[in-house]
Amino acid sequence: MQKTKDITVLDLFLKQVELNKNSIALVFEGKSFTYKELDEFSNQVANYLLEFKNVKVGDIVGIKLERSVSLVPVLLGIMKVGAAYVPIDPGYPPKRIAYIAQNSDCKLILDEKELEILNSLNLPVSSEFVNIPPQSLAYVIYTSGTTGKPKGVMITHEALLNRLLWAQEYFQLQKETDVVLQKTTYCFDVSVWEFFWPLIAGIKLVLARPNGQKDNTYLKELIIQENITTIHFVPSLLDTFLSVVQNIRELTSLKRILCSGEELHKHHIKKFIDCFGKQIELYNLYGPTEAAIDVTCWKIPFDEIEKFDCVPIGSPISNTEIYILNNDFKPCEIGVEGEIFISGVQVSKGYLNNEELSKERFLSNSLNPGSKYKMYRTGDMGRWRLDGTIQFLGRKDQQIKLRGYRIELGEIEHALQNQKGIQQSAVAIKEYKGDQRIVAYIVNNKSLSPSSLRNNLKTILPEYMIPSHFIELESLPLTSNGKLNRKALPDLTKANLFSNNIAPNNEVQKKLIEIWVEILKVDKVGITDNFMDLGGHSLHAIRILHAIEEEFKLKIPLDFFFQNRNIKSLGDYINLINPTMDKETYTDLSI
């Protein structure tokens, strides 16, 4: 693999600008940039930061933008002045946005307003290229934190470049034939390789529209239209994609699908083979944000998968060391469970402005005393297999991966405990008919309803961290030594699933109820029931919208769905668009 000493992503990007200046680098919603145009736009961003915002080498710049054609030039422009970027989702609650801005001490936040100012100026399209040390920061990504506050993971240029160079050496993207789709929100680290890997390889990068990653019909059309060859899916999203996109064999351009973010299971692989056959390659990757995206990889051997009792996360990638250690920090024998530790060039410098937690999680590498790199304690459990791959065995603590999101249950508990009227709270992941859901258990003074709690939490937590269910208990179960007994927290039952049981009034409402019952796996749905109160989440919404499109030949925007979360509102919308939908009015129909 090419050595990373004294070079960065920018060096390799600029090399591609020289080699492929008139080739298409970036495509978004019908707009495109050549490599030369992308370089010039990013130079304008760099000049704006230098001349108007006094951004210096080592500064941190926040980005609060929707995905657009300007996003990649902004990322490159920030790097060109020697600064690091910190992504901030515009959809985050204001308190979370304010905390990230304050904790990161970012020099400024580039939002839509700043971008308008930048675009209105006549900025030079050339710029002095700052000499960036590989050990300087490239980006800071905030992840869920146990203390109730997110923590900023610092990743260097050196760490990022190792991950990208390994990928290019391993997958061998070809300029003439390969196209990469970028669809992950830039607040998650998978987006980093989606943005930069194609640009250092000289190939075309296609950006999905905002929230396009949640629209499987759109993704299918985009793959066909742009001849996408390489795409990433979280396993649960891959499962949904395979379920709702028909005529999947039309996706003839696809060469490979990369999976990471949560466990890949054998049933995912079986479904993949049923849809695609064995022509498209499938890979399972693993890695925490604290180690520059991915540190292990396994190519799925379709013809041999039945021989495996699990889906391994693979073997270490270049310049990365994986250790599985016991409680005494000694290496475990093959087949013996232990905690996964990561060392090597990709390990983070630690958590920004959180020295205490950094010391706790980033340790000196006692197993390789000569190494200059720290050893990250992941909290993940695993074991070595005889074939040299690693089996993932879950978490040691309360951190979870749900639908690709990394969540510390302690952060949700902290937010609940600060709600007026909550005496005690606990949060757990519970399974209901094969679906994983966040459940909050509360000892309440009856002053707060589940809807009120959900609305209050939205001002603090991202949508994906809001519990699906709130179960009131007289007291939390305790162990004999007085600690919370999480195993004794009750499972989800039909009794936990609220429905007001108001019957449908017309044919459209009746059909919508049938769709909701099937997808949400509930017995009853009333026309005013809130989708979220029934345990609905983003994957359910995607499936429901696809079913509505199939049934009514009508495409409902995801944003509209989440603003109108009941059968009555959706039915009224459908009848408004097409009043001839209803052929019969129901006045007395039991559910």
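Buried means under 20% relative accessible area, exposed means over 50%, and partly exposed lies in between (1.4 Å probe, protein chains only). This is a predicted model, in which local features need pLDDT of at least 70 and side-chain atom pairs count only at pLDDT 80 or more, while totals for chains, interfaces and linings use all residues. Residues are numbered from 1 along each chain as its sequence is written, and side-chain values use heavy atoms, with hydrogens and water left out.

**View 1. Salt bridge between D178 and R256.** A salt bridge is a side-chain nitrogen of Lys or Arg within 4 Å of a carboxyl oxygen of Asp or Glu. The closest N and O atoms of D178 and R256 are 3.1 Å apart. D178 sits in the loop between α6 (157–171) and β8 (179–182), R256 in strand β11 (residues 256–259); the pair links distant parts of the chain, 78 residues apart. Helices (H or I, at least four residues) and strands (E, at least two) are DSSP runs, numbered from the N terminus. D178 is buried at 2% relative accessibility. R256 is buried too, at 6%.

**View 2. Salt bridge between D239 and K271.** Here the closest N and O atoms are 3.2 Å apart. The pair links helix α9 (residues 235–244), which holds D239, to helix α10 (residues 266–276), which holds K271, across 32 residues. D239 is buried, with a relative accessible area of 16%. K271 counts as partly exposed at 24%.

**View 3. Salt bridge between D491 and K430.** The closest N and O atoms are 3.2 Å apart. D491 lies in the loop between β25 (469–472) and α14 (507–520) and K430 in strand β23 (residues 422–432), so the pair ties together parts 61 residues apart in sequence. D491 is partly exposed, at 49%. K430 is buried, at 10%.

**View 4. Salt-bridge network of R209, D215, E549 and K555.** Salt bridges link these four residues. The count for the model comes to 35 salt bridges.

**View 5. Open sheet of three strands, β23-β24-β25.** Pairing is mixed. Two strands pair if DSSP finds at least two bridges between them. β23 and β25 are the edge strands, each pairing on one side only. The twist averages 30° from one strand to the next. Strand β24 (residues 435–444) and β25 run parallel, joined by four bridges. I442 stands opposite E472 in β25. Helix α13 (residues 450–457) packs on the sheet and touches β23, β24 and β25. Contact means heavy atoms within 4.5 Å. The direction of α13 makes about 125° with that of β25. Axes are lines fitted to C-alpha atoms, for helices over the stretch in contact, and angles run from 0 to 180 degrees between N-to-C directions.
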